[in-house]
Amino acid sequence: MSLGTLEEEDLAEYFRLQYGERLLQLLQKFPSIEEQSESPSIRLLEKKKEAQILHRVMEEKKETFKRKMESLNQRWEDLAVKEAQLKAHMQKFEQFIQENDQKRIRALKKANKERELKQLRVQELAKAKQEIVALRLKHQRLSSKLQAYSIFNKYLEKVVENSEFEEIQEVIARYKTLVSMNHDLMQSVQDGQEKIEHAKARLAHYMKEKGDEILQLNNQLAQLQMRYDRAHSNVIVWESRWAHIQNTAAKKTLLLGTIKMATLNLFQMVSKQLKDSPSVSLEDTHKQLDVIQQYIQDLSDILAEVKKKEQQQIRV
């Protein structure tokens, strides 16, 4: 609570404490009642005069106190304003500190980023220096090669002078064309060689298969030859027997039936081997024998042809 809101009792107590002793000293300056010999009227006047003086002094003191209170109130108000200003300054200062912290953090981040970027730049610079050194070495090698290949340039100039070409680039273009054609030809040769190897492999496989078939056919031919020989022997036997059978009809008929049956069996076996089986009556034994004989002849021809091809392949 400020001094401007004090109650009257507090104000009186304040005056009593502040000015009581001074008023007492002031009153002691005046003569006491025992020492006065004046009349009551004179003393009354003196008392009034003293009261007026005391009142005037009190008024002056009150005015002085009022001014002091106003000054104190003004100081309190000034202090409140300064306190508010100080609080505002403190808030601004705290905000400033926070902003400085944020700026410091951003500055640190930026510094770290710049340091990393600097390290990256240093690494890139070192790599670039290495590349420059490598390029210089490559340039030196190329310069050496260029100096060594200069004789070819002179040679090409002489070729242009003594040929139908007008520029070195035409010679180089012709050379590249020939190289490309040679590459294509080599590729074609390689492809042809691969095809030949593939064809050889297929031929070997084919020869193996046909060799197996020829071996099987030779076996069959040998069997047929044996059967043919047996049949031929049987024919002779049966012919002799036929003369003998003519003397005995029953035996002849039985023997003829046996021959026809054997011939028919042989004919049926041959017919199974043939793709186009001839249409022969079951009772026509002679035609059946002709078909068997033709089949045996064909097998003989096939065998001769196979042997001939084998000899040709061996020569190749």
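Mentor: This is a predicted model. In it, the second largest pocket has a lining of 13 residues. Those nearest its centre are Tyr206, Lys210, Ile214, Val306 and Lys309.

Trainee: Which element gives the most residues to the lining of the second largest pocket?

Mentor: Two elements give two or more residues each to this lining, namely helix 3 (168–247) and helix 5 (285–315). The top contributor, with 7 residues, is helix 3.

Trainee: How many residues of that lining are charged?

Mentor: The lining of the second largest pocket includes Lys210 and Lys309 close to the centre, as they are listed among the residues nearest to it. By class, the lining has 6 nonpolar and 2 polar residues, and the number that are charged is 5.

Trainee: What volume does the second largest pocket have?

Mentor: The space in question is the pocket lined by 13 residues. Its volume is about 330 Å³.

Trainee: What is the volume of the largest cavity?

Mentor: Counting those of 30 Å³ or more, the structure holds 3 cavities. For the largest cavity, the volume is about 50 Å³.

Trainee: Which elements give two or more residues to the lining of the largest cavity?

Mentor: The lining consists of Ile214, Leu217, Asn218, Leu221, Leu299, Ile302, Leu303 and Val306. The elements giving two or more of these residues are helix 3 and helix 5.

Trainee: How many residues lining the largest cavity are charged?

Mentor: Of the lining residues, 7 are nonpolar and 1 is polar. The number of charged residues lining the largest cavity is therefore, under the classes used, none.

Methods
Residues are numbered from 1 along each chain as its sequence is written. This is a predicted model: local features need pLDDT of at least 70, side-chain atom pairs count only at pLDDT 80 or more; totals for chains, interfaces and linings use all residues. Side-chain values use heavy atoms; hydrogens and water are left out. On a 1 Å grid over the protein atoms alone, a cavity is a set of points where a 1.4 Å probe fits but cannot get out, and a pocket is an open set with protein on both sides within 12 Å along at least five of seven lines; lining residues have an atom within 4 Å of a point. Grid points are joined across faces, edges and corners, and a volume is the space filled by probe spheres set on the points. Helices (H or I, at least four residues) and strands (E, at least two) are DSSP runs, numbered from the N terminus.
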